[in-house]
Amino acid sequence: MQEIKFFNGENIPLELHKVRVVQKLHLVPIERRLEALHEGGFNTFKLKTKDVFLDMLTDSGTNAMSDNQMAAMMQADDAYAGSQSFERLQKAVEDVLGKKYYLPVHQGRAAENILSVAYVKNGSLVPMNYHFTTAMAHITTNGGKIAELLYDEAYVINSDHPFKGNMNIEKLEEIIKLHEPKNVPFIRMEASTNLIGGQPFSVKNLRDVRALADKYGIRLVLDASLLGENAYLVMKREEEFKNSTMAEIIKTMTDLADIVYFSARKLSSSRGGGICTNNVEVYKELEAYIPLYEGFLTYGGISSREIEAMTVGLYETLDETMISQSPSFIKYLVDSLDKKGVPVIKPAGVLGAHIDAMQICAHIPQSEYPAGALAAALYLISGIRGMERGSVSNQRDEYGNETYADMELVRLAVPRRVFTLSQIKYVEDRVHWLYQNRHLIGGLRFVYEPPVLRFFMGGLEPVNDWTHQLIAKFKEDFGESL
Ligand code: F0G
C-alpha cells in the first residue's frame, strides 16, 4: 500500500498525476445562481455547466482521462463489423474481468435493460444488496419487484463498519424460500453500493451470496460499475486481501459472478458499458438483444474511439495509484466535514462525500424533499452542483403514492483526478457555512413530475421565500465575495 508522509505531520492526499489539459470554470454571482435555479426547476440535473463552478453531480463520464487513453483514441478502427478496436476491448475484458464473452452496450442502464427484458417477468423478484435507480426502473418496468437486503448497519450514518454494502445472507435465504427460486431470475450485487453512500461489500460476503446462489440454482449478477473502488477498499479493509494486487481482488470478485455488467462511464473512465460472462448459454440468451437495442455486436452503440479509451481504462483500473485518488480525496473531505460536526456518511466510501440532509434539514418534512432542498441551497451559496439522492430520486409505488427514501442524502461526487485539494477545501468551507445556517433552508414541491425516473427532468419550486433569506445571510457574511 502506497502512503506518502509529510515531514510536518499533516495528513493530506497527494496528487500522483500532473494536469496537462485544463478547462476554465465559471463562478457566477449568487444572483445569477438564483436565476439559474429557477430556470432549472430547483433540480441540479437541469443546471447548465456555464452556471456551475464545481460540478460534483456525478463521476459518470466525468473522470479525467489519462494521456494513454487519449492516445489510444487516435488509433480507433471504425468499422461497422469486426473492428480491431473491439478485439482489443474483448481482450481487456478477459484480462481484467476474467470473462470470455463480452456484449457491448452504450452505457450501464442499457445492460440493465437487456438483463431485465431477458430474465424478468410478471411475478419475478430480484433480491439485491440495494437498488440503483436505473436498475430498479428496468426491473419494475418489466413486471418484476426488488427486495433490498442490507444489514441494519448500512443505514447507520455515523458508522465505522467497513462493509456496509454487504448482503444480508439470512434474509436472502428467507426471501428465496418465500418466493421460490423459480421466481428469482437473478440475485444482483452492486459493487460500492451507490445509493447508501458508495459503500463496499467484502469478498467474504460475496462468497456467501455465491453459496446461496449455488444452493438454489439462481444466477448471480454483479454490477461492476464501481468495482475498482470496491476492490481497493477490500485491499484496505479485508485482512485476507491486504497483500493482494488489484488484479487479484478484481478477478476474485468477478469469478464469483455468473454475469458481470458495468457502466464504462464509471469503471473505465470512458463512455460505454457491457455485459460479460463465461457461460455460453447466457451469452446466447442475451446476444440477440444487442443488435436490437444497441448496435452491431462489435460496437454496441459505443464509438470506436471510446472503445479504445475503455480498453486502456480497464487496464488502468488495476493501478492502485489511479484508483485510490478519488477515495482518498473523499476521505479527506468526509473527515474534515465530520470534524466540523457536519453529518456525513461514515466511513468515507467511494464516488463522493454524502451529506445527511435528514439531519441537516431535520426541520423539513420528507414530503418537502430535504435532500433536494439542501442540494439547491448548496448550489445557491457556492456554485457547487451536487446530486439529490433521497425521496426525489425514489419512484412512486404502483398506486402512485410517494415512497420516502431510507436516507436523504446530497452526494458530492469526486470524479477521478478532476479536482485539486484547494477546490475540495472550498467545498468543505461552503458546506460548513451552510450547515451553520441550515435553519434558513426551506422545502420544495414538485411543479412538474415525470412518471419514470422523475429526478432527472422533474421541476420543483421553493415552498416559500427561503432562498432570499439565505442570500441575505450570505451577503452579510461574505460581502461581495463570489
Ligand atoms: N449501476 C450503478 C452502480 C451506477 O452507479 C450507475 C450509474 C448505473 C448502474 C447506470 O449506468 O449511467 O452508464 O447508464 N450511475 C450514475 C451516477 C448515473 O451518477 O451515479 P449508466
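Biologist: In which loop is Pro347 found?

Modeller: Pro347 is in the loop between α15 (325-339) and β9. Helices (H or I, at least four residues) and strands (E, at least two) are DSSP runs, numbered from the N terminus. The peptide bond from Lys346 to Pro347 is cis, with omega near -5°.

Biologist: What should I know about the model before we go on?

Modeller: Residues are numbered from 1 along each chain as its sequence is written. The model is predicted, and local features need pLDDT of at least 70, side-chain atom pairs count only at pLDDT 80 or more, and totals for chains, interfaces and linings use all residues.

Biologist: How are two packed helices described?

Modeller: They are described by the angle between their axes and the distance between the axes. Axes are lines fitted to C-alpha atoms, for helices over the stretch in contact, and angles run from 0 to 180 degrees between N-to-C directions. Here, helix α3 (residues 84-97) packs against helix α13 (residues 304-316) at about 25°, and their axes are 9 Å apart.

Biologist: Which word describes how α3 and α13 lie to each other?

Modeller: Angles under 35 degrees count as roughly parallel, over 145 as roughly antiparallel, 65 to 115 as roughly perpendicular and the rest as oblique. Therefore α3 and α13 are roughly parallel.

Biologist: Which residues of α3 and α13 meet?

Modeller: Two residues are in contact if their C-beta atoms, placed from the backbone, lie within 7 Å. Among those of α3 are Phe86, Leu89 and Val93, while α13 brings residues including Ile307, Met310 and Leu314. By class, this contact has 9 nonpolar, 3 polar and 2 charged residues. Ala, Val, Leu, Ile, Met, Phe, Trp, Tyr, Cys and Pro count as nonpolar, Asp, Glu, Lys and Arg as charged, and the others, Gly among them, as polar.

Biologist: Which domains does the chain have?

Modeller: Domain bounds come from an automatic or database domain assignment. For this chain, the assignment gives domain 1 (30-59 + 322-478) and domain 2 (67-318). Their centres, taken over C-alpha atoms, are 28 Å apart. In the contact, domain 1 takes part with 24 residues and domain 2 with 25 residues. On the side of domain 1 that touches domain 2, β9 gives the largest share, 3 residues.

Biologist: Which residues come nearest to the ligand?

Modeller: A residue is near a molecule or strand if its C-beta atom, placed from the backbone, lies within 6 Å of it. Of the 15 residues around the ligand, the nearest are Thr58, Gln107, Gly108, Arg109 and Ser263. The shell has 2 nonpolar, 9 polar and 4 charged residues.
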